[in-house]
Amino acid sequence: MQSRRPTILSVAALALCFLVVSRFAPNTAAFLGQPAGARQPAQAVQTSQAQPEALALGAAAGLLAIEPAQASLLYDEILPVSYGVAFATIWGIVLGFVLLRLQEAFPE
């Protein structure tokens, strides 16, 4: 019974915090859903054809957001970081084997 007590207390504390936050938070919609009567169905606007200006602006925004590919990015950022990660991983393996050998050399 003693081992379950901290679990029950922590769950009760979390539930109490949730209730307090959901009651006094200014925007309770983030925590709880709105009542079914409060929601209004969205009215879809029916258009027979898309406006060409909107299509052109959408395509232009998409093309302007694309950054040009830079070949130096590979050599300036990607490869040095990958070399560092590979070296740190191999060095960790080497140190692990060194510690293993030390434990074998000096048993308790």
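These are my notebook entries on one predicted model.

**Overall fold**

I started with the secondary structure and found 3 helices and 0 strands. Reading along the sequence, I wrote the pattern down as α-α-α.

**Surface and burial**

Next I looked up how much of the chain is covered. Of the 108 residues, buried ones make up 2%. The accessible surface comes to about 10400 Å², and carbon and sulfur atoms account for 68% of that area.

**A nonpolar patch**

Which residues make the nonpolar surface patch? I listed Phe87, Ile90, Trp91, Val94, Leu95, Val98, Leu99, Leu102 and Phe106. Together they give a patch of about 940 Å². Valine 94 sits in helix 3, which covers residues 72-105. Its relative accessibility is 37%, so I noted valine 94 as partly exposed, given that this class runs between 20% and 50%.

**The aromatic pair**

Then I turned to the rings, where the search gave 1 aromatic pair. Phenylalanine 87 and tryptophan 91 are the partners, and their rings are stacked. I noted 6.4 Å from centre to centre and 10° between the planes; the cut-off for stacked is under 30 degrees. How far apart in helix 3 are phenylalanine 87 and tryptophan 91? They are 4 residues apart, so about one helical turn separates them. Both also belong to the nonpolar patch above. I checked their accessibility too: phenylalanine 87 is exposed at 57% relative accessible area, while tryptophan 91 counts as partly exposed at 47%.

**The salt bridge**

My next search was for charged pairs. Side chains of opposite charge can pair when their charged atoms come close. Across the whole structure I found 1 salt bridge. It joins the side chains of glutamate 104 and arginine 101, with 3.4 Å from N to O. Both residues lie in helix 3, 3 residues apart, which is about one turn of the helix. Is arginine 101 buried or exposed? I have it down as exposed, because its relative accessibility is 58% and the exposed class begins over 50%.

**Serine 82**

My last entry stays with helix 3, where serine 82 is found. What lies 2.8 Å from a polar atom of the serine 82 side chain? I traced that distance to the backbone oxygen of leucine 79. Serine 82 has a relative accessibility of 33%, so I filed serine 82 as partly exposed.

Conventions. Residues are numbered from 1 along each chain as its sequence is written. This is a predicted model: local features need pLDDT of at least 70, side-chain atom pairs count only at pLDDT 80 or more; totals for chains, interfaces and linings use all residues. Side-chain values use heavy atoms; hydrogens and water are left out. Helices (H or I, at least four residues) and strands (E, at least two) are DSSP runs, numbered from the N terminus. Buried means under 20% relative accessible area, exposed over 50%, partly exposed in between (1.4 Å probe, protein chains only). Accessible areas come from the Shrake-Rupley method with a 1.4 Å probe; for residues, only the protein chains shown count as cover. Patches are made of residues with over 30% relative accessible area and no salt bridge: like charges are joined within 9 Å, nonpolar side chains (Val, Leu, Ile, Met, Phe, Trp, Tyr) within 5 Å. A salt bridge is a side-chain nitrogen of Lys or Arg within 4 Å of a carboxyl oxygen of Asp or Glu. A polar contact is a pair of N or O atoms within 3.5 Å; within protein, one must be able to donate a hydrogen and the other to accept it, and residues adjacent in sequence count only if both atoms are side-chain atoms. Rings of Phe, Tyr and Trp (its six-membered ring) pair if their centres lie within 6.5 Å; planes under 30 degrees apart count as stacked, over 60 as edge-to-face and the rest as tilted.
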